[in-house]
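Please keep the structure open while reading.

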Amino acid sequence: MSTDVPGLRASHGDRDRVVEVLRIAAGDGRLTSEELDDRVERALTAQTQGELAALVADLPAEALTAEDLVVEQRSGNWSRAGQWTVPQHITVKTKMCRVTLDFTDAVITSRTLRIDVDMEHGRIVIVGAPDIAIDTDQLHLTFSQVKRASKDVVADPRLRIQLVGTLQHAKVVEQRP
């Protein structure tokens, strides 16, 4: 959620993201049930970005990571590793770039992660534990390939990663830590 223009009208998605942040904060013990109820009601009726920003202003920055992660880059390397909070959606738009997403120590708050990919001449490396499943059925591959660490199907994955989009002269590589 952007706080750059507090008078900007809020969308349904903006309200939903703030409600999710509030619920996570309550689950972490940062808000009482009464505070949660009050703030959720105010979030659902908020009309501007400023009203929404005020509802989460006293929460730590890491609680606000429920927003989408967007990776847009031309050439080079981009990576996310260590203890990072995994959003429900990641967008990857790159050319001649290697993107590494390491889920080894990541904080996973949802059972599904959708990654929309538009990649030319690159590589997306997904580092994950055996209880993470990667679904590539919705990828359109042009002179590209998917290289998996394991062919085994995970029955009840802790996280299901859905890769959607197009790869041109690119590769998806799954690695195990």
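Helices here are DSSP runs of H or I of at least four residues, and strands are E runs of at least two, both numbered from the N terminus. On that basis the chain of this predicted model has three helices and ten strands. From the N terminus on, the order of elements is α-α-α-β-β-β-β-β-β-β-β-β-β.

**Overall layout**

- The C-alpha atoms of the protein chain occupy a box of roughly 50 × 35 × 25 Å along the principal axes.
- Of the 177 residues in the chain, 38% are buried.
- Seven salt bridges turn up in a search of the whole structure.

**Salt bridge between arginine 39 and aspartate 58**

- Arginine 39 pairs with aspartate 58 in a salt bridge whose closest N and O atoms are 2.9 Å apart.
- Because arginine 39 sits in helix H2 and aspartate 58 in the loop between helix H3 (49-56) and E1, this pair ties together parts that are 19 residues apart in sequence.
- Are the two partners buried or exposed? Arginine 39 has a relative accessible area of 11%, so it is buried, whereas aspartate 58 has 53% and is therefore exposed.

**Salt bridge between glutamate 120 and lysine 95**

- A salt bridge also joins glutamate 120 to lysine 95, with 3.9 Å between the closest N and O atoms.
- Glutamate 120 belongs to strand E5 (residues 112-120) and lysine 95 to strand E3 (residues 89-102), so the pair ties together parts 25 residues apart in sequence.
- Both partners are partly exposed: glutamate 120 has a relative accessibility of 25%, and lysine 95 has 32%.
- The N to O distance of 3.9 Å falls within the 4 Å cut-off, which is why the pair counts as a salt bridge.

**Salt bridge between arginine 114 and aspartate 116**

- The side chains of arginine 114 and aspartate 116 form a salt bridge with an N to O distance of 2.9 Å.
- Arginine 114 is partly exposed, at a relative accessible area of 34%.
- Side chains of opposite charge can pair when their charged atoms come close.

**Negative surface patch**

- Which residues form the negative surface patch? The patch is made of Glu34, Glu35, Asp37 and Glu41.
- Aspartate 37 is located in helix H2 (residues 33-45).
- With a relative accessible area of 53%, aspartate 37 is exposed.

- Arginine 15 is part of helix H1 (residues 12-27).
- Is arginine 15 buried or exposed? Arginine 15 counts as buried, because its relative accessibility is 13% and buried means under 20%.
- A polar atom of the arginine 15 side chain lies 3.1 Å from the backbone oxygen of alanine 10.

**Glutamine 73**

- Glutamine 73 is found in strand E1 (residues 69-80).
- The relative accessibility of glutamine 73 is 23%, so this residue counts as partly exposed.
- From C-alpha to C-alpha, glutamine 73 and alanine 10 are 28 Å apart in space, and 63 residues separate them in sequence.

Key
Residues are numbered from 1 along each chain as its sequence is written. This is a predicted model: local features need pLDDT of at least 70, side-chain atom pairs count only at pLDDT 80 or more; totals for chains, interfaces and linings use all residues. Side-chain values use heavy atoms; hydrogens and water are left out. Patches are made of residues with over 30% relative accessible area and no salt bridge: like charges are joined within 9 Å, nonpolar side chains (Val, Leu, Ile, Met, Phe, Trp, Tyr) within 5 Å. Accessible areas come from the Shrake-Rupley method with a 1.4 Å probe; for residues, only the protein chains shown count as cover. Lys and Arg count as positive and Asp and Glu as negative; His and the chain ends are not counted. The place of a charge is taken as NZ of Lys, CZ of Arg, CG of Asp or CD of Glu. Buried means under 20% relative accessible area, exposed over 50%, partly exposed in between (1.4 Å probe, protein chains only). A polar contact is a pair of N or O atoms within 3.5 Å; within protein, one must be able to donate a hydrogen and the other to accept it, and residues adjacent in sequence count only if both atoms are side-chain atoms.
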